[in-house]
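Here is a short report on backbone geometry. Please look through the sequence and the model before reading on.

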Amino acid sequence: MAERSLRALGLDGVPAELPLTYPGRPVEEPALLADGQLLPLRPGPGPLGGWPVVTGMGTGEAADGGAPAAEPALDAFLDRTHAARVRSRRPVLAVGSNASPAQLHHKLTVRAVAATVPMVPVDVRGIGIGCSAHIGRHGYVAAAPYADPAARHTLVAGWLDPAQLAAVDETEFNYRRVWVPGGAFPMVLPSGEPLGGAHLYVSVHGVLADPATGRPRPGGGDQGALLTALLAASAELRALLGPGPERWVERARADEAVRAAGRAVFHRAGWARPEGLPQLHHE
């Protein structure tokens, strides 16, 4: 099998280190992030733990010259690598950089937590992707979810074990983690089977509204274009963080007071609005 490292796949850029690349490149197919590699998962009927991991080791003849060895099921592979099985993990939907294997690997490894994570694109209804009404410590304006009955997106779910979930929680101090029930927000796995629910990080600052429409400003796209549009819409932001995205990131990531001042501009301009997900309980 061809090399499956994040670098070889062109997925190694970390938004925390390269803010204008936010939200980074997401996984586009079911995969297992393991040791800096991204191994394909083959969707099938039944639980995720039974999906085969494509290691490339099950395509040739067995050592005794018999039939080719089967690719291992995900739970069996996790057992071999001393990682938690799927049943001990919790699915967490990503609207921003947690869908990027490079960002997730970075968040976990800098906290000395093993970065073995199943990552699966999931069809999700009822959740829009907006922009959090704050400026993050890395200088970018991160994505944030909001309630939108008409929305339908493919969101990457990462199945995190308890240590991984605690580590990611540490990075999401501008968000609250909630449980999203699949009954209210339908979720479907690539196998066609429904997902009963998942965790989601919701911004404590609300989401940014587009002054022209009053609706949430779309998030999760080109960060440079987003910062350019925000600067064009506010003389206060231009004075604080202009003239362009590069300067914005440079100033914002260097000074917490500047980030707080930028957040205050969002609120004075009337751009911050509730995300509309108050019915979801805090986790």
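Predicted model: local features only at pLDDT ≥ 70, side-chain atom pairs only at ≥ 80, totals over all residues.

Residues are numbered from 1 along each chain as its sequence is written, and side-chain values use heavy atoms, with hydrogens and water left out.

**Cis peptide bonds**

Start with the bond from Tyr22 to Pro23. It is cis, and its omega is near 5°. Pro23 sits in the segment before strand S1 (31-34). Strands are DSSP runs of E with at least two residues; helices are runs of H or I with at least four; both are numbered from the N terminus.

Gly242 and Pro243 are also joined by a cis peptide bond, with omega near 10°. Pro243 belongs to the loop that links helix H5 (235-241) and helix H6 (245-254).

**Positive phi values**

Asp35 is not glycine, yet its phi is positive, near 55°. Asp35 lies in the loop between S1 and strand S2 (37-40). His82 is a residue other than glycine with a positive phi, near 60°. The loop between helix H1 (74-80) and strand S3 (90-94) holds His82.

Are these residues buried or exposed? Exposed means over 50% relative accessible area, buried under 20%, and partly exposed in between (1.4 Å probe, protein chains only). Asp35 is exposed, and His82 is exposed.

| Residue | Phi | Relative accessible area |
|---|---|---|
| Asp35 | near 55° | 72% |
| His82 | near 60° | 76% |
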